[in-house]
Each structure stands twice: as C-alpha cells, then as structure tokens.
Amino acid sequence: MAVQRTFSIIKPDATARNLTGAINAIIEKAGLRIVAQKRIRMTREQAETFYAVHKARPFFGELVDFMISAPVVVQVLEGENAIAKYRDVMGATDPSKAAEGTIRKAHAKSIGENSVHGSDAPETAVIEIAQFFSGNEIVG
Ligand code: CMP
C-alpha cells in the first residue's frame, strides 16, 4: 500500500477539554505523520459545505452548530494506508461501540461530540484537504 494523505479534524468537544496534544500523541504513536495542522474557528458556511453530504439528515443542524461552537484543529495526516489506518485509530463513530485504545473510546462524549473526524475514502480526502489547506501549507 502506498503512502496516502488523509484529512482530520480535532472537534470542539476535544479542543474545549485541551485534548489536542493527547489526540496527536495517539495519532503519532500509530505511525501517522502530522504534515499540516492549524487551529481555526470554522464558519457556518465552511461547516455546511464540509458536511453537505449529510444535509438531509435530521442531525445536520445540530452537527453544524456543534462544529462552529468552539475552535477545531484541522490536520493532514500522512502514512502508509493513512485513510484506513486513521479510521482504525479513531474508532467507531459511536464511542459506546469504539474499541479499546482508539481516540473515541478514550475521549469521545457521544455520537455527535465524538472528538475527531477522518476522511472515509481517497476521493473525499482530496476534497476535504483542499477545502482547508493550500499545497504550500502541507510539508511532508
Ligand atoms: P464525522 O466523521 O465527522 O461525520 C459525520 C458526523 O455526523 C459524524 O462524525 C458524527 O459526529 C455526526 N453524527 C453521525 N450520526 C449522528 C447522530 N445520530 N446524531 C448527531 N450527530 C451524528
């Protein structure tokens, strides 16, 4: 498997509890390299664009309100098989179903306030990275 890049967000529930470093330690221990990172306050427009695929879901409004409620840390992670690897490291979307040793098992509060996001496929990784980073901000 080739080296890939994936997009990650450390979400408001985690930044609010000062967990950026703890989450980054889990990411790095798993062998993923943080090749870009910035702390931002997402705008409503950015959050609605990012989660447009979920627009028809009943939780869409709640999801957007949550994502703009406090700062987030957006990241690009690089490594062998990075997309699948980061999804393993994050654990299940619902933290009550997440495996031991995963970020969500250790830190997530609920299915909505689940501490991290990671891209689900190579095509979405490219789109998500491009929404928040220009090429010269990513240093591998
Ligand atoms: P994420 O990987 O960022 O992608 C979509 C997000 O929607 C997901 O993580 C959850 O945080 C959120 N989500 C999924 N299901 C629900 C739900 N039933 N209620 C609230 N939020 C949800």
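I began with the backbone of Ile-111, where a polar atom is 3.1 Å from an oxygen atom of the ligand, a polar contact in the sense of a pair of N or O atoms within 3.5 Å. The model is predicted, so to speak of local features I need pLDDT of at least 70, and side-chain atom pairs count only at pLDDT 80 or more, whereas totals for chains, interfaces and linings use all residues. Residues are numbered from 1 along each chain as its sequence is written, and side-chain values use heavy atoms, with hydrogens and water left out.

I then looked up Gly-112, whose backbone N or O atom lies 3.3 Å from a ligand oxygen, and Tyr-51, where a side-chain N or O atom is 2.5 Å from an oxygen of the ligand.

Next I listed the surrounding residues (a heavy atom within 4 Å of the ligand), among them Lys-11, His-54, Phe-59, Glu-62 and Arg-104.

Where does the ligand sit? I found the ligand in the largest pocket, with more than half of its atoms within 2 Å of the grid points. A pocket here is an open set of points on a 1 Å grid over the protein atoms alone, where a 1.4 Å probe fits, with protein on both sides within 12 Å along at least five of seven lines, and lining residues have an atom within 4 Å of a point.

Of its 28 lining residues, Lys-11, Tyr-51, His-54, Leu-63 and His-117 are the closest to the centre.

Note on methods. A polar contact is a pair of N or O atoms within 3.5 Å; within protein, one must be able to donate a hydrogen and the other to accept it, and residues adjacent in sequence count only if both atoms are side-chain atoms.
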